[in-house]
Each structure stands twice: as structure tokens, then as C-alpha cells.
Amino acid sequence: MKIFREPGKLQKWASAQKLAGRQIALVPTMGYLHEGHLSLIEAAKRKGADEIVVSVFVNPVQFGPNEDYDKYPRDEKADLAKCRKAGATAVFFPTPANMYLDRHSVYIVEEDLSRGLCGARRPGHFRGVCTVVAKLFNLAHPDFAVFGQKDYQQAQVIKRMVRDLNFDLKIVTAPIVREPSGLARSSRNTYLSAEERERALALSGALKTLAVGRNAATERKRVVKMLEDAGLKVDYVEFVDGGTLEPVKRTAKGVCVLLAVYDGKTRLIDNRVL
Ligand code: AMP
């Protein structure tokens, strides 16, 4: 397994792979890898990629000033071992300084799908995500990139960016991987105390109670109450069209229900497509 730290070195290697006709898959992550991330590597393998590049980068540009950039968990050694075991062929570990050179001044802003949900609560978040993902595409030359449905809005925003800016690659999405308890796997779960972990089960618990053919406003109130009764602070609960992310009036097939809560100080998200 190759390990790259310099963007230029990854780019040179990836160009050579392309020239040799090898298919490249990219799996972008912020590290502290768990089974959710590993399922993306699996998906890349199943799709037959010759080279699977996992990027591990806690991207400062997508964090707000009062968010958890500094305390975000990092474990390079464990991540390397997990990538190797899962079958990645290359890992990219850049530093903020070599990803964002002095006076970096070009950013990508998606202006439709990123307005609501996490985009509204985390100003600048998707600008940071789109910018770093576009840079990773230019460095790794992937034929396809794999994203998790865990970050549903993110996957939609990235698909739109690829369409609208004519990136020559496909976006593949993979289902949410959960703990046996139902809790969606997340690097941020490491922040949770035993009590907070217990409370967090209300997220997947509430999503399980949803069904098609119901009034969205009534369902929304019911879900908010379930989360609050569990001791969570609701950031948002929204029922949207899975493609446009516009609010819907009724639950139906293809409707996506997205939740964001604070569990103590930790912000958790989850979602379900009906
Ligand atoms: P992160 O490291 O949290 O930025 O996530 C990197 C990628 O892994 C994103 O495409 C996420 O959607 C995906 N991912 C994170 N957690 C999960 C999960 N529990 N199931 C599936 N994909 C996930």
C-alpha cells in the first residue's frame, strides 16, 4: 500500500495509473476510520477498481470557528492498519499547509442543495467540503468516488458539483453502517459518554417509526418530541424530497427524513430514505 503525504506525488502517481489504463476509486474521509468508512472501501472493491485511494484529511475549511476541528479524533497509525486490512492500495495523508498554500483564494460554492439542513446550520461547511473534494478529484484522478449515505446532503451536493462542473467521474453512494444498537457509526461517537450513547439511540429509534402515506408536519412534531423526550436537543428534523432536498407535505417513497441533534456537546446526524 502506497502512502502519500505530498499532493504533487499523489497526482503524479495517479496520472501514471490512468495512463496505464488502471481504474482508480477514491474514498475521501476525515480519518479515525470505522466500519462505515471500511464499507466504502468494500464498495470500491466490489466495483472492480484497480487502485483504491483513501484520503484521510481533517479539512479545516469545512469547520466553523466554534466547531470541533481541534478536538476531532485522529489516529494515523490505526487508520493505516485499517486501510491496509480493508484492501486500500494507496492512502493520502496531506497536511493543511500542503493542501492550502499561502494565500489560497479559490473556493467552490454550491448554491442550491447546500442552502438548507446542515448548510443552514453550519455556514461555509459545504463550501469547505466542495473545495476539498474538488481538490482531491484533481489529485487522485478517480474514475469514481465513494460517499456514504450517512451524510446524505453531502452526497447530493457532491453529485451536483460533479454534474455542474463536468468532473469526469462517477459518484457512488453506500448505505449507512450502524452499530448493532442502531446508532449510525461516526468518528464523533467517540465523544459520547455511556449515558449520551444511550440517548443517541433515539435517532435511529425515531427513524424506524416512520412510514409512507402520512402528514409530514404531524410526523415531524412526533419525531421532535421523541428526540426531546430522550434528552436530545434538536438542531433540525426535516422531511424533504430525496433529490431536490425541498420540504414535502406527505411522507412517500423517496422522501428523506434528516435529523441533527446535540447530545450533550456532540452534534449527531442521521437520516432515512423512505
Ligand atoms: P467522515 O470521515 O465522517 O467525513 O466520512 C467520510 C465518508 O464516510 C463520508 O462519505 C461519509 O458519508 C462516510 N461515512 C461516515 N460514517 C458512515 C457510516 N456510518 N456509514 C456509511 N458511510 C459513512
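How do the residues of the shell around the ligand divide into nonpolar, polar and charged? In this predicted model, eight of them are nonpolar, six are polar and three are charged. The shell numbers 17 residues in total, and His-37, Gly-148, Asp-151, Val-177 and Arg-185 are the closest to the ligand.

Several elements contribute to this shell. At least two residues each come from strand S2 (24–29), helix H2 (35–46) and strand S5 (144–148). Helix H2 gives the largest share, with three residues.

A polar side-chain atom of His-37 is 2.8 Å from a ligand oxygen. From the backbone, an N or O atom of Met-30 lies 2.9 Å from an oxygen atom of the ligand, and a polar backbone atom of Gly-148 is likewise 2.9 Å from a ligand oxygen. On its own the ligand has 480 Å² of accessible area, and the protein covers 93% of it.

The next feature is a sheet. Strands of a sheet pair through backbone hydrogen bonds, in either a parallel or an antiparallel manner. Here three strands form an open sheet in the order S7-S8-S9, and the pairing is antiparallel. Strand S7 (233–241) and strand S9 (266–273) are the edge strands, each pairing on one side only. Ignoring direction, neighbouring strands of the sheet are turned by 10° against each other on average.

Strand S8 (residues 255–263) and S9 run antiparallel and are joined by eight bridges. For a residue to look for in the structure, Tyr-262 stands opposite Arg-267 in S9.

How values were computed: Residues are numbered from 1 along each chain as its sequence is written. This is a predicted model: local features need pLDDT of at least 70, side-chain atom pairs count only at pLDDT 80 or more; totals for chains, interfaces and linings use all residues. Side-chain values use heavy atoms; hydrogens and water are left out. A residue is near a molecule or strand if one of its heavy atoms lies within 4 Å of it. A polar contact is a pair of N or O atoms within 3.5 Å; within protein, one must be able to donate a hydrogen and the other to accept it, and residues adjacent in sequence count only if both atoms are side-chain atoms. Accessible areas come from the Shrake-Rupley method with a 1.4 Å probe; for residues, only the protein chains shown count as cover. Helices (H or I, at least four residues) and strands (E, at least two) are DSSP runs, numbered from the N terminus. Ala, Val, Leu, Ile, Met, Phe, Trp, Tyr, Cys and Pro count as nonpolar, Asp, Glu, Lys and Arg as charged, and the others, Gly among them, as polar. Two strands pair if DSSP finds at least two bridges between them. Axes are lines fitted to C-alpha atoms, for helices over the stretch in contact, and angles run from 0 to 180 degrees between N-to-C directions.
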